[in-house]
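Hi there,

Here is the structure I promised to pass on to you.

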Amino acid sequence: MTISSERPSRRGIFLKLGLLLNGAVGLLLAIPVVRYLFSPIARERKPGYRAWVSLGAVESFPAGQTRLATYRNPVVTPSDGETASIPCWVRNVDGKQFQVFAINCAHLGCPVRWFPQSNLFMCPCHGGAYYADGSRASGPPERGMFEQRYKLEGGNLFIEVGDMPTPGAVASLSVRRAPCA
Amino acid sequence: MRLMGRMGRWFDQRLQLGKPMMETLAHPVPRETASWFYVFGSAALTVFALQVVTGILLAILYVPSAAEAWNSLQNLNHQVTAGWFIRALHGWGSNFMIAIVLIHMVQVFLFGAYKFPGS
């Protein structure tokens, strides 16, 4: 290929023109491909993100007890199946006050279990433990369990879902870590 | 622009693709072959590449089960950004690929392009 540096040759101009046209078509095709791939994080179009979801009648959570509840993720695709079911712990403090905890341990996200015998949430992975009110008791977690906002309406317990607090997003803001010694 | 040139030179030094590509492009061919009859081979390759890319994209979301297939297509067509476009591209591409490959085969056969110098 002889593309002289002094004077643009006919062949060189056609080569550049061809590259330009091919690049334009390629770019045109790349736009929908990229938008398709990034579709899951285009949140504003998804109804249900940050929605109030019912956990069932208030009577199913007796006063003074902590019960497991499950709800469906409102941001869901039909093929998600059981992976769109999310469990949480509901604590009825005194019949009026509630606490709804995300089931995930604040350490690395394992599902914690409630042990009424010892009045503790315990994590099976690394031995994290929490008191009945969700505050940290012992183990590797740096903070208490994550709580979800709730409201009582028409005899049903609703929680706000969609914006799951995670250790990476929230813990780093709310917990001031001691600098590494 | 100078940075782009330097990056291009670095990649070329590592990949060694520029020279063979230029040799292929500048390879002398008979004057008669500068004709629209010869575009169908590269057209078939382009459409095939398009089919591979869109096919992989669709396979990410399509659920090939009797219970979920229709629902996953509804989601693909109406919820996913540009999903309908990718699906249409794949559907039309399949038809066009058959047509272009057939034309390409006829062209190769009639022109005797499978014979010696081009074989």
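Below is what I found, going chain by chain and then to the place where the chains meet.

Some housekeeping first: this is a predicted model, so local features need pLDDT of at least 70 and side-chain atom pairs count only at pLDDT 80 or more, while totals for chains, interfaces and linings use all residues. Residues are numbered from 1 along each chain as its sequence is written, chains are lettered from A and ligands numbered from 1 in the order in which they are written, and side-chain values use heavy atoms, with hydrogens and water left out.

Let's start with chain A. It has 2 helices and 11 strands (helices are DSSP runs of H or I with at least four residues, strands are runs of E with at least two, and both are numbered from the N terminus). From the N terminus, the order is α-β-β-β-β-β-β-β-β-β-β-β-α. Of its 181 residues, 30% are buried, where buried means under 20% relative accessible area, exposed means over 50%, and partly exposed is in between (1.4 Å probe, protein chains only). Chain A exposes about 11500 Å², with 59% of that supplied by carbon and sulfur atoms; these accessible areas come from the Shrake-Rupley method with a 1.4 Å probe, and for residues only the protein chains shown count as cover.

A:Leu68 is partly exposed, at 46% relative accessible area. Leaving out residues up to four places away in sequence, A:Leu68 touches A:Pro87, A:Cys88, A:Trp89 and A:Ile103 (contact means heavy atoms within 4.5 Å). Its C-alpha atom is 6.2 Å from that of A:Val90, which is 22 residues away along the chain.

Now chain B. Buried residues make up 18% of its 119 residues. The accessible surface of chain B is about 9400 Å², and 71% of it belongs to carbon and sulfur atoms.

So what happens where the two chains meet? The contact takes 14 residues from chain A and 21 residues from chain B. Together they bury about 1500 Å², 74% of it on carbon and sulfur atoms (buried area is the accessible area, with a 1.4 Å probe, that two parts lose on being put together, summed over both). On the chain B side, B:Met22, B:Leu57 and B:Thr81 lose the most area to chain A, together 33% of what that side buries.

How many residue pairs are in polar contact between chain B and chain A? The count is 2, with both residues at pLDDT 80 or more. A polar contact is a pair of N or O atoms within 3.5 Å; within protein, one must be able to donate a hydrogen and the other to accept it, and residues adjacent in sequence count only if both atoms are side-chain atoms. Helices H2 (18–25), H3 (40–61), H4 (69–78) and H5 (83–111) of chain B each supply at least two residues of the side that touches chain A, and the largest share, 5 residues, comes from H3(B).

Finally, zoom in on A:Ser39, in the loop between helix H1 (10–37) and strand S1 (51–57) of chain A. A:Ser39 counts as buried, at 7% relative accessibility. A polar atom of its side chain lies 3.2 Å from the backbone nitrogen of B:Thr81.

Cheers
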